[in-house]
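Here's a friendly walk through one protein chain. Have a look at the picture first, and then we'll go through it piece by piece.

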Amino acid sequence: MARRALITGITGQDGSYLAEHLLEQGYEVWGLARGQANPRVSRMRKLLTEVRVVRGDLLDQGSLISAVERVQPDEVYNLGAISFVPMSWEQAELTAEVTGMGVLRMLEAIRVCSGVSRGVSPGAGGQIRFYQASSSEMFGQVSETPQNERTAFHPRSPYGVAKAYGHFLTQNYRESYGMFAVSGILFNHESPRRGAEFVTRKVSLGVARIKLGLAGELRLGNLEARRDWGYAGDYVKAMHLMLQAGRAEDYVIGTGRMKSVRELVEAAFSAAGLDWEQYVVTDQTLHRPAEVDLLCADPKKARVQLGWEPRVSFDELVAMMVEADLRLLADGGDPHDDSSWP
Ligand code: NAP
Ligand code: G4F
């Protein structure tokens with residue numbers, strides 16, 4: 001019988017790539033989708049025709065228990081979150097509820113449905129394997145570079161704090177109940193399916209608009225911030241590998257190379273034959289109350305223990321995104337319509 005996976009955050013960037021990867025591996029894939037008429041669900045269904053949908057919301061404990069009871073998954077991937085860092089200052093409580101408490105609710109749903117009760121000895125934690133989408137934002141103001149699985153956390157946003165809660169809780173359920181529960185501490189990963197609010201996609205869309213004569217400038221915030229950017233299609237494979245390992249452990253996933261936003265901008269404009277300095281305007285209102293200045297992964301543990309390595313380079317990623325957005329806009333596509341995802 002096919003193994004069954006339940007993915008929260010199925011309508012997001014990572015949910016779509018993970019679903020494709022698991023379907024290729026022969027899984028029966030279920031996506032948890034919220035809302036009465038969430039337009040992203042019908043769009044997602046056009047791309048991922050084989051994914052089955054179960055209703056549920058990370059804010060609603062009962063709905064998660066019902067989803068786990070109905071799907072009877074072998075593996076649960078918790079990718080659902082409010083994931084845009086600036087929004088976490090505007091809606092800090094909601095971010096804590098979805099991105100932080102949502103992890104507790106999902107773990108509790110698995111615990112209850114697996115019949116694991118308090119006081120049982122570790123190792124008895126049921127058969128469902130759980131993946132939590134932790135984030136390099138937990139490192140925040142970094143204490144060392146590069147960052148590995150032992151680097152201290154100093155989150156700099158309500159989002160980072162909520163992710164740290166979910167991370168420690170996942171460890172705690174592993175230790176308290178013997179559950180196979182792991183966190184992937186993923187560094188920034190991007191693709192042509194990235195939300196338009198994140199800087200890589202904002203830049204690739206901005207370049208495409210300028211190249212096609214649809215815009216004259218691109219407004220950005222802090223150009224000096226540095227990130228370790230990789231390709232989402234590579235990173236979802238690491239999520240799957242973590243749940244196939246012999247032991248439940250946490251892993252850092254990234255490329256080990258950092259670039260500044262300025263270098264991202266240079267690469268993207270140059271991929272379209274444009275000089276960025278003629279078009280980019282810096283805007284103080286786009287700076288954050290507390291910035292994460294740099295993030296750079298040390299992915300050695302994942303390489304050695306999981307055999308995982310990123311395949312797509314920074315330059316290939318930027319070129320892929322610019323080309324995809326040039327094609328999308330030239331065909332009259334809507335960047336906010338996921339049904340046009342490549
Ligand atoms: P994304 O594109 O923003 O997707 C977020 C998903 O969460 C969407 O499918 C959204 O569904 C869902 N969601 C929001 N509120 C929900 C709720 N109340 N109940 C259930 N689902 C809800 O994010 P992503 O880039 O794919 O990232 C996936 C996960 O990895 C996130 O947890 C993110 O924080 C984490 N992460 C991402 C990166 C990165 O660089 N991409 C790095 C580290 C960690 P709706 O359609 O309902 O809005
Ligand atoms: O693309 P960003 O919004 O991503 P950020 O904040 O690093 O968070 C992403 O990666 C995390 C992993 O480290 C995930 F956990 C999280 O869910 C999300 O996927 O911003 C990247 C950098 C920041 O330093 C920001 O200040 O780009 C800088 N930036 C400069 N101008 C901008 C802009 N960011 C955005 N979104 N928009 C700008 O105009």
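## Salt bridges

A salt bridge here is a side-chain nitrogen of Lys or Arg within 4 Å of a carboxyl oxygen of Asp or Glu. E217 and R219 make one, with N and O 2.8 Å apart. To talk about where such residues sit, we need some cut-offs: buried means under 20% relative accessible area, exposed means over 50%, and partly exposed is in between (1.4 Å probe, protein chains only). E217 is partly exposed at 40%, and R219 is partly exposed too, at 37%.

By that salt-bridge rule, the count comes to 16. Three residues, R4, E28 and R52, are even linked in a network of salt bridges.

## What you're looking at

This is a predicted model, where local features need pLDDT of at least 70, side-chain atom pairs count only at pLDDT 80 or more, and totals for chains, interfaces and linings use all residues. Residues are numbered from 1 along each chain as its sequence is written, chains are lettered from A and ligands numbered from 1 in the order in which they are written, and side-chain values use heavy atoms, leaving out hydrogens and water.

## The overall build

The chain has 11 helices and 13 strands. These are DSSP runs numbered from the N terminus: helices are H or I with at least four residues, strands are E with at least two. Along its principal axes, the C-alpha trace spans about 65 × 45 × 40 Å.

How does the radius of gyration agree with that of a compact globule? For 342 residues, such a globule would have a value near 20 Å, and the chain has 20 Å, which agrees. (The radius is taken over C-alpha atoms, and the globule rule is 2.2 Å times the number of residues to the power 0.38.) Of the 342 residues, 54% are buried.

E20 pairs with R193, their closest N and O atoms being 2.9 Å apart. The partners are 173 residues apart: E20 is in helix α1 (residues 13–24), while R193 is in the loop between β7 (189–190) and α7 (199–211). Is each end buried or partly exposed? E20 is partly exposed at 24% relative accessibility, whereas R193 is buried at 5%.

D325 and R201 form the other, at 2.8 Å from N to O. D325 lies in helix α11 (residues 314–330) and R201 in helix α7, so the pair ties together parts that are 124 residues apart in sequence. D325 is buried, with a relative accessible area of 1%, and R201 is buried as well, at 4%.

## A negative patch

On the surface, E263, E266, D275 and E277 gather in a patch of negative charge. Patches like this use residues with over 30% relative accessible area and no salt bridge, with like charges joined within 9 Å. D275 is found in the loop between α9 (261–271) and β13 (280–282), and is partly exposed at 36%.

Most residues other than glycine have a negative phi, and most peptide bonds are trans. Q72 has a positive phi, near 50 degrees, and lies in the loop between α3 (61–71) and β4 (75–78). T145 and P146 are joined by a cis peptide bond, with omega about 0 degrees. P146 lies in the loop between β5 (129–135) and α6 (158–177).

Conventions
Patch = residues over 30% accessible without salt bridge, like charges linked within 9 Å, V, L, I, M, F, W, Y side chains within 5 Å. Areas by Shrake-Rupley, 256 points an atom, 1.4 Å probe, with all protein chains shown as cover. Lys, Arg positive; Asp, Glu negative; His and termini not counted. Charge placed at Lys NZ, Arg CZ, Asp CG, Glu CD.
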